[in-house]
Each structure stands twice: as C-alpha cells, then as structure tokens.
Amino acid sequence: FDWTHPGASACRVHGLRTSVPVSSHAAMSFRGRHGAGPLVLALVASVARQVPAMVFPFDAAPPPTALGLHAYYRFYVYSAADAPSSENGNATVYVNLSLAVDSKAPVPAPSSALLQYRKEVFLAVVDQTVVDELVRGNFCEQLLPGSPLVAALRSKASGTDPIQLSSDMTSFSGQLTRSGVYTLLVANCGKLTGFRIEGTVSVRNPHGFLQATEYNHLKFYNSLTAFYGLVWIGWLVISLRWWQQLRNAQKVILGVAFLAMIESAMMAVLYYFYNTRNEFNDVVYLAASIVSAWKVCELFRIAIRALLSMKSAGATADEEQQGQCMDICLSAVLAMFMAADFNFREVLRLRAGYALSLHQVLLNASPFILMGTGILGWSHAALFTQWSKSQKEQKEDESSLLVRSHIVLALGSLGALAATLVQLLDPSVGEDTAAWSQHVFACDGAHHTVFALVLLLLMWVWMPSQSTLGYEYQQQAEDMDGQPIGAHLDDDALDEETPGEAKREDGPAE
C-alpha cells in the first residue's frame, strides 16, 4: 500500500481506509513488502520462510522515504492469559537492526552522513489504536520520548516504546502484555535517502514463534498424520490380498493416501521446529508443498484417464498415439495446476502478515480457480464418455462403478467450491482474538476435510471385490500354422493316429 501526497493522503491500514491531513513537510505511506500482481510465485517462494512466523527480515524491504512512515508487517499476539500454552510467559519483541548504505540505490547515502544520522529513524511495534493516532497528526513529534502518545502507549500497554535506529547495531527486547494485532512501523523523520535497514524484528508468543492464528496447525497436522496413516495401512492390508488383480485406480488410491500421510507428517515437523526453535527448513517446506499438489493431481489423472486402465482389446495404432498425446497434455496441464496451487496457498499465508485485501487475494487465486475448474470439467467429461462406452458394450459392473465414481467426483467438486470460498472469505484474519482458533480450518482444514472425504468415498466405491477387480489378459501365442499354442483339441482330434506310431489292433500281432 503506498499513497504519498503532500497535502492529503488516503491511507489503508488493516483494511480501514481513512482520509487524514498531512503536513506539507512530511509524507505518509503504508507499505507491505509485496504488491498486488497476480504473478507472485517466484516472489513468495523467496520469502517462504517467514510466511507463518513471527519474524520479519529487512533484507529486501525498502526503507521509509524521507519524512515517511511505513507499516511493514502484522504480528498476531496472545497474552499469557489468553494463550493456549503460556510456557514462555508474555509475548516478547526482539529487535536487532542497524542502518547501512544502500549501494543499489540511485543515490547512495554518504557514509559520513549516515554516521551522523541519529535519532531520526524510529521503530515501534504497536496496536491499531496507536496507528490511528499516528496518522492523525505529526507522527515524528508523537514518537519522540516523553510525548503524550508514548506516555499513553506505556500506560495502556499498547506496544513497545519507539526505538531510535542508527548505523550501530541496535538490540532491544520488550514485552507485549495484551492480546491483539500489532503493526511493525518504521518512521524516517529526516530527509536522508539511499540507505537500507539490516537485521530482523521477531516476536515470540507465549506458545512459541508461530503467529497466534497458526498455533492450532500443530495439533491439526499431528492428528491428520495419524488419520492418513491409519487409512493407508488399512487400504494396504485390504489390497495385498488382491494385489495381482487390482486395477490401476485402486493402486493410485493407495499411493495418494501415502502421499497425504507424508505431507501431513512433514508439515507437522515443520511447524514444530518453527514454533519451538524458530528454525525453518526450506527443503521440507517445498517438498510438502509439492506433495500436497501432487496427491490432488493424481486423483485428477485417474479420473481423466477414465479411472481404470479399461482399455479395449486390440486398440489401433491411432488410438494408442492419441492416448500418448493425451498423457503429454495432461502432464503439462497438471504441472501448471501444481504451480497455481502452490501460489494460491502461499498468498493465503501471506494474507495475515501483510494485510492483503480480498481483491489482492482474488487476483492471485484466479489462476488456481480457473485451472481447477477446467480440470474438473475435463474429469467429468472423461467419466461420462467412458460410462457411455460401457453402456454400449453392456458392461454392467463397469458402468455401475463409473456412475458411483462420477457421483464422488460431483460431491468433491461441490466440496472444493465450498472450501475455496472459505479460504477466500477467511473470517479469522482480523482483530477478533476469539476467531483466531478458527484460522486453521479456514486456511488448511477446509480443503483437507474435503480431500479426506473424497478419498474415503473412493475407497468405499473401489473396495476390492469381484465386481471391481481387474484381470490382465494377453493374446495367446500362435504356431506356424496360425493355431493358438496350447489350445484344446476337439474330441475327433484326440482319436486321430499319432504320427510315427502304429494303431494298436485287437488280437495278437503277426
């Protein structure tokens, strides 16, 4: 968000739009690290480590402009009394920052000027009431030690005292004793430009380093790992008895359950170490994101391939070539869908910390929604085509199987629509601390619930039985005369004389 006008400015903070007067010598802007463009995949991948966390690194963040005030990040904080776990006491803010010359700036700041640039850059972590007060008046005066705003801030425990930054490393720690959403603000009350801010600002909640809205993800993914583990083991035990006769879809269901278990386990481990040690493993996170999209793509793949490997005997060369082309096109489409899915999930996680509006989220969700709708339509068409073919060939068992699978796909489509709406209209991202516990369902729980139900329904439909098992027949080999090798002879042939032997007759031999 960035509005900078000399006389008046429209400032958007936490979704609230207000018109405030600004003195002629100062300009205000409220800026997040990322814009609203729909193509943010590469960008969010580079900052994935901070998505669900309480750490903001200034490595790539632009500093405030001359006489400017910037809002960088939002921290969701529990007090020790409200936290689900209060082993660390009240939330603590840790600041480790310094000012440095920005060699990439159009006009880098002189080193000598930066050394003398003291008591001009202020940092504070404050709640919304303090932000509203700052934008109503001269924020530089209000951030000075001893000002009425600073006194009120201390008395009401509305955030940390303003911290003055300089070229020397500034280290600070302070407590936040009230639950709420706190904004990281930096004000440049001088006219120097061409510098950058180095270091990090982090907040440790009473329960650890996760946002207050993210804490329930720990229990959720632990439970989900156990659930998918039981589902996978159960399907494996059932499948082993019929392994040689299983259809391709039944084996894919086993693989999808395994992928879901692995994804949940990786996310559970990731959240645990992030919360307890403030350590994030980029490799694990990327692997979990790929597995998450992969398992959904596998279900799409078997639906579009008509679920079964129900290939009619004696397929022509043209049909085989057409099938290969379809496989290539399907792989390309699903690869693009995986990228769109990854991007959508990352934007949802960036939403809380960077105060992304619904418009911005919709822009980034549109590739995922459009591609998902197209693939679902393709899946429905493929199933209907295969069902029509089985009806013509009077394959009753196969036809019944396809109808039930199509019903599951229709229910899954409705569930996916509902889950996407919940994610887009997430009511848990805001000032209401009572709604924070629902964020796990809005962000991750809704689509995981739909996926789990679809998987269980598919297992019920495809439970190995006489009507769902497949048999792989091969064409018999033929001899030189074109006769099948090993074929049964008729009764007359059995009475024929065997070559090289005399036919035995009754009576003594002469």
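How many bridges join strand β5 to β8, and do the two run parallel or antiparallel? Seven bridges join them, and they run antiparallel.

This is a predicted model, in which local features need pLDDT of at least 70, side-chain atom pairs count only at pLDDT 80 or more, and totals for chains, interfaces and linings use all residues. Residues are numbered from 1 along each chain as its sequence is written, and side-chain values use heavy atoms, with hydrogens and water left out.

**View 1. An open sheet runs in the order β3-β10-β5-β8.** Its four strands pair in antiparallel fashion. Strands are DSSP runs of E with at least two residues; helices are runs of H or I with at least four; both are numbered from the N terminus. Two strands pair if DSSP finds at least two bridges between them. The edge strands, β3 (55–57) and β8 (170–176), each pair on one side only. Neighbouring strands are turned by 15° on average, direction ignored. Such angles lie between N-to-C directions of lines fitted to C-alpha atoms (for helices, over the stretch in contact) and run from 0 to 180 degrees.

**View 2. Strand β5 meets β8.** Strand β5 covers residues 91–101. Alanine 91 has leucine 176 of β8 as its bridge partner.

**View 3. A second open sheet has the order β4-β9-β6-β7.** Its four strands also pair antiparallel. At the edges, β4 (68–77) and β7 (163–165) each pair on one side only. Neighbours here are turned by 20° on average, direction ignored.

**View 4. Helix α3 packs on this sheet.** Helix α3 (residues 128–136) touches β4, β6 and β9 (180–188). Contact means heavy atoms within 4.5 Å. The direction of α3 makes about 35° with that of β9.
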